[in-house]
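Here is a friendly briefing to read alongside the model.

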Amino acid sequence: MSRLLAFCFLLLASVLAYLHIDSRPVWAPFLVAHSVEGIAGSELSRDLTEAGKSVKELKNIGLVKTAQPSLRMDWLPDTSAPSVHAASLIPLKNGAVRAFWFAGSREGAPDVVINTAVFDSQTSRWSSPTVVMDRVRAEKGLSRYIAKLGNPVPARMADGRLQLFFVTVSIGGWAGSSISSVISDDEGLTWGQPQRLISSPLTNMSTLVKSPALSFADGRLGLPAYHEWIGRFGELLRIEESQVIDKRRMSAGRGAIQPVVFVDSAQNAGAFFRQTRSSSQVKQIPVSETKDSGQSWVTAKDLEIPNPNAALAALTLANGMKLMVLNNIEAGRYRLVMVMQEPHSQQWQVIQVLEDDASLVNGLHREFSYPFLISSNGEDAHLTYTWDRKKIRHVYFPAAWFQYAASSLKDKESQR
Amino acid sequence: MNPYLQTIALLEMSLTCAVVLIVLLQKLSSIEIPIFARLALVLLLGNLFFWPLGMSLELPLSAYVRGVTGDLSIVSMLLLWGSILPFAKKTPLGFKVPVALVAVLFYPLALGFGMFDPYAWGYGSIGFLISVILFATFCGLAPWTKGVWIFSIAMIAWAAHWHESANLWDYLLDPFLAIWALFATLSAIYIKRRDKAQSSYLFRAG
């Protein structure tokens, strides 16, 4: 009798579980932000915002012939913390840009907090920094011990709200990381309770985030994440609110983390990784590709640009031009460049050397790392990167600068 | 999302910590701890783990444990909680061996060995759900009726989004259950081999 009762209960559970599966959303195509075919050939905006008084201007020294539009460079606001790292950006609805970064006595210290500040593109000034998340707030919201905080990555939800994904560690080093998120209804002025994303079966350990999210056509987010404990590989997490509802492996083994994704169409995308291979293996950028909206990924031939085990940043402009910022050396992070690939081209070319300082300070090279790229209107670009762990550099590339860079490259090629 | 999700998780962890301590106490004790004493201890220790103790601790004790272990699977919790109840029977080897085998295959693949990730099945694979139902049915026919109840509750908890995870695997299996099943299986093999060796020694041909 008790067995019959148990089987009846199993039947009920099976029906409920089936209904639950039936209610799950199917995998959706990628949302393509800019149609390359539709915009290619159209003229890029030539509007240039007046440079602010506090902003340093830098002429391109590598490619300029005459009157190249200036880049605008400044620093994220100082928080007096000795160590800062992992800055990220998101455009706000009013045209401003909000930055997030972590700061503390050193990377991985318990006093590390996630800061935020807003860049007003009219005045070209940063607001005073405020703290979005600290360790104690995170552990109280998540109801579990948190030892330290890590990379913050913002995303825009389909309903317009801001979501900030951030890394937390309860035990061990970064290999013990998990991802959590907070949501803001007011463009980042206030934030809700943190929620934990569950993405790994081994006590949810070792999932991190570094790269910007992409959108699916059904409004859900795709978050490129990575593991770096037993395996070092990339994964695409499908996110609904603060919940992982599906995921797909983008690479395998121990050689590729921190994927950045270029979405080419609703079905096709390419992912480029920071290589973490053993010393005997080639130090180039690992690549994976999907032809089914990220449901399955296959590893492709490496992109033949050196990578010293350092993060990349990626961005596609509205005209289809692809950009990456990376350290194109095999060891160290003392050289940082922007590379560009024009639509329908396979070639990546350096269009700006941002940092190149091979000098040694206390026997070590300076570190220019963790770049993050966004565009506020599809034509310009904002870049942040860690400047020797002491400061965060912000560089603004106006639309006209890219137009000039592209035409300069064409001139150069025609002269060959 | 369930607004009481975090409170429920802490409550579960507090009970689990209390039960683990009682099981350890029972192992160390030479006399059987009576059921009412066990329940009183669960109540006492559970409260100790659940409520913030103040002092220099920012969180309840269970939150520190949860920070390290994450949420245990429903199967683990129910097996553990059930172990202190009166007339608790030993979990059959027919359950432990398949769990150990699945864990040995599952964890390396889920943690990055190759491009195939069985963990992704847990988000909504009908095939995976059918496999779980068949295994629960097998438990019932074994006959281990408790297993049917445990798997059914785990499936309902998953459908109701009882924990933070949306993945069915996290309601069925966790590393602690896997290690326990693995050790129990290896131990059973060792005992069987030892008994066989002893019996062949005793009854060997003259």
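Which residues are linked in a network of salt bridges? Glu107(A), Arg333(A), Glu367(A) and Arg389(A) are, a salt bridge being a side-chain nitrogen of Lys or Arg within 4 Å of a carboxyl oxygen of Asp or Glu. This is a predicted model, in which local features need pLDDT of at least 70 and side-chain atom pairs count only at pLDDT 80 or more, while totals for chains, interfaces and linings use all residues. Residues are numbered from 1 along each chain as its sequence is written, chains are lettered from A and ligands numbered from 1 in the order in which they are written, and side-chain values use heavy atoms, leaving out hydrogens and water.

**Chain A overall**

- Chain A has four helices and 29 strands, where helices (H or I, at least four residues) and strands (E, at least two) are DSSP runs numbered from the N terminus.
- Its radius of gyration is 22 Å, close to the 22 Å that the globule rule gives for 416 residues, so chain A is as compact as a globular protein of that length; the radius is taken over C-alpha atoms, and the rule is 2.2 Å times the number of residues to the power 0.38.
- Along the principal axes, the C-alpha atoms of chain A fill a box of roughly 90 × 50 × 45 Å.
- Of the 416 residues in chain A, 59% are buried (buried means under 20% relative accessible area, exposed over 50%, partly exposed in between, with a 1.4 Å probe and protein chains only).

**Salt bridges**

- Over all chains, the structure holds 28 salt bridges.
- Arg249(A) and Asp117(B) form one of them, with the closest N and O atoms 3.5 Å apart. Arg249(A) lies in strand β16 (residues 243-249) of chain A and Asp117(B) in the loop between α5 (93-110) and α6 of chain B, so this pair joins two chains.
- Both partners are buried: Arg249(A) has 4% relative accessibility, and Asp117(B) has 8%.
- Glu367(A) sits in the loop between β26 (364-365) and β27 (368-374), and Arg389(A) in the loop between β28 (381-387) and β29 (391-397), so the pair ties together parts of chain A that are 22 residues apart in sequence.
- Glu367(A) is buried at 17% relative accessibility, whereas Arg389(A) is partly exposed at 21%.
- In chain B, Glu32(B) and Arg38(B) meet in a salt bridge with an N to O distance of 2.4 Å. Glu32(B) is exposed at 57%, while Arg38(B) is buried at 10%.

**A four-stranded sheet**

- Four strands of chain A make an open, antiparallel sheet in the order β17-β18-β19-β20; two strands pair if DSSP finds at least two bridges between them.
- The edge strands, each pairing on one side only, are β17 (256-263) and β20 (298-306).
- From one strand to the next, the twist averages 30 degrees, using axes fitted to C-alpha atoms and angles from 0 to 180 degrees between N-to-C directions.
- Strand β19 (residues 284-290) is joined to β20(A) by five bridges, and Gln284(A) has Pro306(A) as its bridge partner.

- Ile130(B), in helix α6 of chain B, is partly exposed at 45% relative accessible area.
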